[in-house]
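Please look through the sequence and the three-dimensional model below before reading on.

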Amino acid sequence: MYNLSCYNPSSFIFVGIPGLEKFHIWIGIPFCVIYAVAVVGNCILLYLIAVEHSLHEPMFFFLSMLATTDLILSTATVPKLLSNFWIGSQEITFSGCLTQMFFLHFSFVVDSAILLAMAFDRYVAICFPLRYTTILTPQVIIKLMVSIVVRSFSIILPDVFLLKRLPFCRTHIIPHTYCEHIGVAQLSSADISINIWYGFAVPLMTVISDVIFIAVSYAFILCAVFQLSSQGARQKALSTCGSHVCVILMFYTPAFFSILAHRFGHSVPQNVLILFANLYVAIPPALNPIVYGVKTKQTQDKFILLFSLKKSQ
């Protein structure tokens, strides 16, 4: 019975942010505001893309997928964080932990792949404008979306089984606010070298390959832009990429900073790393719809029209 309970623990306990327990109730307030902004902003964006036929373009289909994934990412983590900070609900079942871990890593890999698809969309739009509609047909868009989901699912699903095989006899206390693969695996007394190699290296290599292809796409885009004779045409071409570049920087910069801090920043306090990790899963989903609403004229116009109609009613 003892061995069975080790391999099938009933639950884990979240500590929250170690050392900042007495400030949990106050820390929860900005996270609640950020989560509300993320939900409202992404839902409005999805609604505009769904009802406005002028937004039924490849870029906005990818944007709707990004908004959906952002909702999954923030909803997988922030509500549990708030219940922990505000009502002391620190416990999570083993199956709930595995589910949260899966959707956290799955949405991260999906986000990375969507940003690559959006870079490809900008590459085709700027380098082959006359062939844009023939290259990115609805059938191609659907195939790209399905391949993104299948690839991400195939990469992250083994993490679940790698955790289920481990015994957790030593402790069930997680010094964090959510379940992530390596953090949970480190609670086990067994050898976790496979978890470390697969759970860290494979998703990281996948994301790095996405970054490389994004960089190559933008290299071709810049070459095409600087070959344009008109200054106005150059500015117009670059402006269409502005919001995408902002989202790329918001997504990858803190991600790689967090990875490097965990790997090399041994002098960085644990509560700082955990607080930063929570900000990373909360802030980008809230900022992405704002960036696209401000930087993309089509969504900006539709957003203003939507609220002007509601006020007139």
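For "transmembrane region", an unreviewed UniProt entry lists residues 23-48, 60-82, 102-120, 140-157, 196-225, 237-260 and 272-294; these positions are given in the numbering used here, with feature names shortened, and such annotations may be inferred rather than shown by experiment. The model is a predicted one, in which local features need pLDDT of at least 70 and side-chain atom pairs count only at pLDDT 80 or more, while totals for chains, interfaces and linings use all residues. Residues are numbered from 1 along each chain as its sequence is written, and side-chain values use heavy atoms, with hydrogens and water left out.

Two of the listed spans can be followed in the model. Residues 23-48 are 96% helix and 0% strand, with their end C-alpha atoms 38 Å apart, and residues 196-225 are 100% helix and 0% strand, with end C-alpha atoms lying 43 Å apart. Helices (H or I, at least four residues) and strands (E, at least two) are DSSP runs, numbered from the N terminus.

Phe-23 lies in the loop between strand E1 (11-14) and H2, and Phe-23 is partly exposed, with a relative accessible area of 40%, where buried means under 20%, exposed over 50% and partly exposed in between (1.4 Å probe, protein chains only).

Strand E1 also belongs to an open sheet of three strands in the order E2-E1-E3, with mixed pairing; two strands pair if DSSP finds at least two bridges between them. The edge strands, each pairing on one side only, are E2 (91-93) and E3 (173-174). E1 and E3 pair in the parallel sense over two bridges, and Ile-13 has Ile-173 in E3 as its bridge partner.

Side chains of opposite charge can pair when their charged atoms come close. The structure holds two salt bridges, a salt bridge being a side-chain nitrogen of Lys or Arg within 4 Å of a carboxyl oxygen of Asp or Glu. In one of them, the closest N and O atoms of Asp-121 and Arg-122 are 2.7 Å apart; Asp-121 is buried at 0% relative accessible area, and Arg-122 is buried at 10%. In the other, Arg-151 and Asp-210 have their closest N and O atoms 3.0 Å apart, and this pair links distant parts of the chain, with Arg-151 in helix H6 (residues 138-164) and Asp-210 in helix H8 (residues 193-226), 59 residues apart.

A disulfide is a covalent bond between the sulfur atoms of two cysteines, and the cut-off used here is a pair of sulfur atoms within 2.5 Å. A search of the whole structure finds one disulfide, formed by Cys-97 and Cys-179 with sulfur atoms 2.1 Å apart. This pair also links distant parts of the chain, since Cys-97 is in helix H4 (residues 94-127) and Cys-179 is in the loop between E3 and helix H7 (181-185), 82 residues apart.
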